[in-house]
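This briefing goes through one protein structure topic by topic. Please look at the sequence and the 3D view before reading the points below.

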Amino acid sequence: MSKALTASADMELASGLRDFWYPVDFSKNLGVTSIRSFELFDQTWILFRDKDGKAGCIQDECAHRACPLSLGKWVDGKIKCAYHGWEFNPQGLCVHTPSCRQAKASVRSLPVLEQDGMIWVWPGGPTISRDLPKQAPLIPDGFTLQAEILMELDVEHGLMLENLLDLAHAPFTHTGTFAKGWLAPASVKFDSSPQTPLTGQWNPYPIEMTFEPPCYVISTIGLRGRDCGRQLHQLHACLPMGKGRTRLLYRLALDFFQWARFIPGNHLFWRALAQRVINEDIRLVQGQQQRLQAGANVWNSPVSYDKLGLLYRRWRNQVERSSPEWPTAIAQKSDEALSMPELNPVESRQIS
Ligand code: FES
Ligand SMILES: [Fe+2]
């Protein structure tokens, strides 16, 4: 095994991970007068719209006596606390304190962008220097969005990403869903594109996959094999809710059955399927998490098909050390990953 492939994994959410835009909800979920709460980096926030419909994000904790503002009400583009009626605008400023002199108070707010059907927040430092991710929000030409699903999972977001960046486990893990009856191939490989090592093809599966920092897994699956049409496009965004918790935004689009999105219950069908697939993964990843917490190294013995997960872990290690090396140097190191030895190739056999 190559020394260069060593990678650690831990549960800490280092500050370097904060300096990105994160999509915390789908636009369709935030109605004109609704309040949506979410957690990111162990803090709770709410989203709401001002009178003009522009999304804002403030701390979910009243400046008066810390009542959750998510229990309050939307009133003319402000949030009215359910306890004593203090009102906060999208910048977090308290603009009305009933039954007493106007108090000078505020709660924290986060910069917000709404684009590509998602609401993004910036939990990082004052210098907002990075753009929105390029690929992740895009639905490819010829595809139609079928479902947008939000889940919260009791598992560390990096472990979840490493799971999603691994297809070799499919015939062993997903025996009740999409990989039912799959043969375990003699060899599984992730063939990186030479120009963009974080994108590649899973060989022999007809699946293209990309890891896009900081938290996106983009995959396109040829349901009739490679280049035969009938493709399913997926986005998984795994957000660091907190230590050991993930907020997962999932988007699914098809280049066939475009009309299926109009069928009542279409969304529920995909939701149930996505949940079943995740349930097959989650008990395994939670098991890894327990071992990790007890001191195990989840990257003990990487083999060739672990390449994409390792590239993620290397990226994360660099970001957490706030190294300016990424992305150029890490991407170049993918050559080392390509030279990984084959360890214990799996024999072909029927799984089900
Ligand atoms: S706790 Fe919010 S107004 Fe008193
Ligand atoms: Fe899986």
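Y312 is buried, because its relative accessibility is 0%; buried means under 20% relative accessible area, exposed over 50%, and partly exposed in between (1.4 Å probe, protein chains only). The model is predicted, so local features need pLDDT of at least 70 and side-chain atom pairs count only at pLDDT 80 or more, while totals for chains, interfaces and linings use all residues. Residues are numbered from 1 along each chain as its sequence is written, chains are lettered from A and ligands numbered from 1 in the order in which they are written, and side-chain values use heavy atoms, with hydrogens and water left out.

**Aromatic rings**

- There are 13 aromatic pairs, where rings of Phe, Tyr and Trp (its six-membered ring) pair if their centres lie within 6.5 Å; planes under 30 degrees apart count as stacked, over 60 as edge-to-face and the rest as tilted.
- F211 and Y312 form an edge-to-face pair, because their ring centres are 5.2 Å apart and their planes stand at 80°.
- This pair links distant parts of the chain, with F211 in strand β16 (residues 207–212) and Y312 in helix α4 (residues 307–320), 101 residues apart; helices (H or I, at least four residues) and strands (E, at least two) are DSSP runs, numbered from the N terminus.
- F211 has a relative accessible area of 1%, so F211 is buried.
- One aromatic cluster is formed by F20, Y22, F41, F211, Y312 and W315.

**Salt bridges**

- The whole structure holds 11 salt bridges, each being a side-chain nitrogen of Lys or Arg within 4 Å of a carboxyl oxygen of Asp or Glu.
- One of them joins the side chains of R245 and E39, at 2.7 Å from N to O.
- R245 is in strand β19 and E39 in strand β2 (residues 36–40), so that the pair links distant parts of the chain, 206 residues apart.
- R245 is partly exposed because its relative accessibility is 21%, and E39 is partly exposed because its value is 23%.
- R245 also forms a salt bridge with D42, with the closest N and O atoms 3.1 Å apart.
- D42 sits in the loop between β2 and β3 (43–49) and R245 in strand β19, so this pair ties together parts that are 203 residues apart in sequence.
- R313 and E162 form a salt bridge, their closest N and O atoms being 2.6 Å apart.
- R313 in helix α4 and E162 in helix α1 (residues 157–164) are 151 residues apart, and both are buried.
- A network of salt bridges links D25, R36, E152 and R247.

- H174 and D281 are both buried.
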